[in-house]
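The model it concerns is predicted.

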Amino acid sequence: MSDTRIAPPALLPSPVPLLRPDLAAMRLDVAHRRGEVRRVAHGVYAPSHLWDPLPPWQRYLARVHAHALKCPNAVYCLESAAVLLGLPVTGSLAEIHVLSRSTAGRRVGDVRLHVTSEERDVVSEGGLLLLSAEDTAVDLARHRHPAVALMAADATLRLTGRSDPGVLADTNESRASSRGRARARWAIERATPLAETALESLSRAIVEWLGFPEPELQVAFPAADGGEYRSDMYWRGPDVIGEADGRIKYDGTFGDDSRRLWREKRREDELRRAAAGFARWGAEEVNDPPQLEAILLGAGVPRVRPRSAAPLLSLRSALRA
């Protein structure tokens, strides 16, 4: 491993307070039996009313922080580094991933130890050690589903303020081990910071595998008031705008601000008038690609190549929590 350096972004903190018997003002074993706290890791608990509503990725983030309390010298990698950095994570998230200097990788409880003989870019932030965003993105590109890899690669460029995926390509190609190198190129070559959410990144992958042409991202369209609105995706040939957010802008996710909802409704109306076709989809549709396929065909986006069956067939299991 290389010398440590300070990570450019601040790491995400635990989404819940983590309680330990030696620091808590209550008997945590008794509180656990009463259901007042949940066990996050052996000897580490969180208040039930805060833990229970958490989505899977935030529970996973809390579990990584709980492990760090017990093992402060652990160096986190793969999804465990990704969640700390704010990169998107998906799948079962059952294991905490830690680099090891032992002779063989193995699993101890819910901790997966990974061995590497190569120099790695380890960063230190807030008392935690983990692989850099670039190294983490390349690891995910080498060892995970290409859709997961593209989400991480896009997010890494946004996180680090880079416009060119060359740093990811350099990291991938410079490693001595060739394992996963060719696999990683698919996501790295397509990485862009213009995909502003994990859903947009995932949609880009599925759009390609369904046989549709590559869209332009963040294209600006003039508004009636003299301003402009940007579209998530735009297919210039058939003149179709695509918005990869589904109902999220209207379901209360961002609060109940009626003025904000009205602005978003005006934005959608403007975009619908700006192009011949308009498509909107969300997480449900990307988890079931035939639904997204029907939406795009209905909006007028043409298929230009055969479907890529293999990544589409394995996508559901890769995303399943």
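**Salt bridges and buried residues**

Arg-190 and Glu-208 form a salt bridge in this predicted model, with their closest N and O atoms 2.9 Å apart.

Q: Which helices hold Arg-190 and Glu-208, and how many residues apart are they?
A: The salt bridge between Arg-190 and Glu-208 links distant parts of the chain. Arg-190 is in helix α8 (residues 181-190) and Glu-208 in helix α9 (residues 198-209), and they are 18 residues apart.

Q: Is Glu-208 buried or partly exposed?
A: Buried residues have under 20% relative accessible area, and exposed ones over 50%. Glu-208 has a relative accessibility of 24%, so it counts as partly exposed.

Q: Which parts of the chain does the salt bridge between Asp-139 and Arg-120 tie together?
A: The closest N and O atoms of Asp-139 and Arg-120 are 2.6 Å apart. This pair ties together parts that are 19 residues apart in sequence, because Asp-139 lies in helix α5 (residues 133-143) and Arg-120 in the loop between β7 (111-115) and β8 (122-125).

Q: Are Asp-139 and Arg-120 buried or exposed?
A: The relative accessible area is 6% for Asp-139 and 7% for Arg-120. The cut-off for buried is under 20%, so Asp-139 and Arg-120 are both buried.

Q: Where do Arg-307 and Glu-293 lie?
A: The side chains of Arg-307 and Glu-293 meet in a salt bridge at 2.5 Å, N to O. The pair ties together parts that are 14 residues apart in sequence, because Glu-293 lies in helix α12 and Arg-307 in the loop between α12 and α13 (309-319).

Q: Which of the two, Arg-307 or Glu-293, is buried?
A: Arg-307 has a relative accessible area of 47%, which makes it partly exposed. Glu-293 has a relative accessibility of 10%. The buried residue of the pair is therefore Glu-293.

Q: Which residues outside its sequence neighbourhood does Leu-296 contact?
A: Leu-296 lies in helix α12 (residues 289-299) and is buried, at 0% relative accessibility. Leaving aside neighbours within four places in sequence, its contacts are Val-207, Phe-212, Trp-235, Ala-279, Trp-281 and Val-301.

Q: What is the phi of Leu-78?
A: Most residues other than glycine have a negative phi. Leu-78 lies in helix α4 (residues 78-85) and is buried, with a relative accessible area of 5%. Its phi is positive, near 50 degrees.

Terms used. Residues numbered from 1 in each chain as written. Predicted model: local features only at pLDDT ≥ 70, side-chain atom pairs only at ≥ 80, totals over all residues. Heavy atoms only, no water. Helix = DSSP H or I, 4+ residues; strand = E, 2+ residues; numbered from the N terminus. Buried < 20%, exposed > 50% of the residue type's maximum accessible area, 1.4 Å probe, protein only. Contact = heavy atoms within 4.5 Å. Salt bridge = Lys/Arg side-chain N within 4 Å of Asp/Glu carboxyl O.
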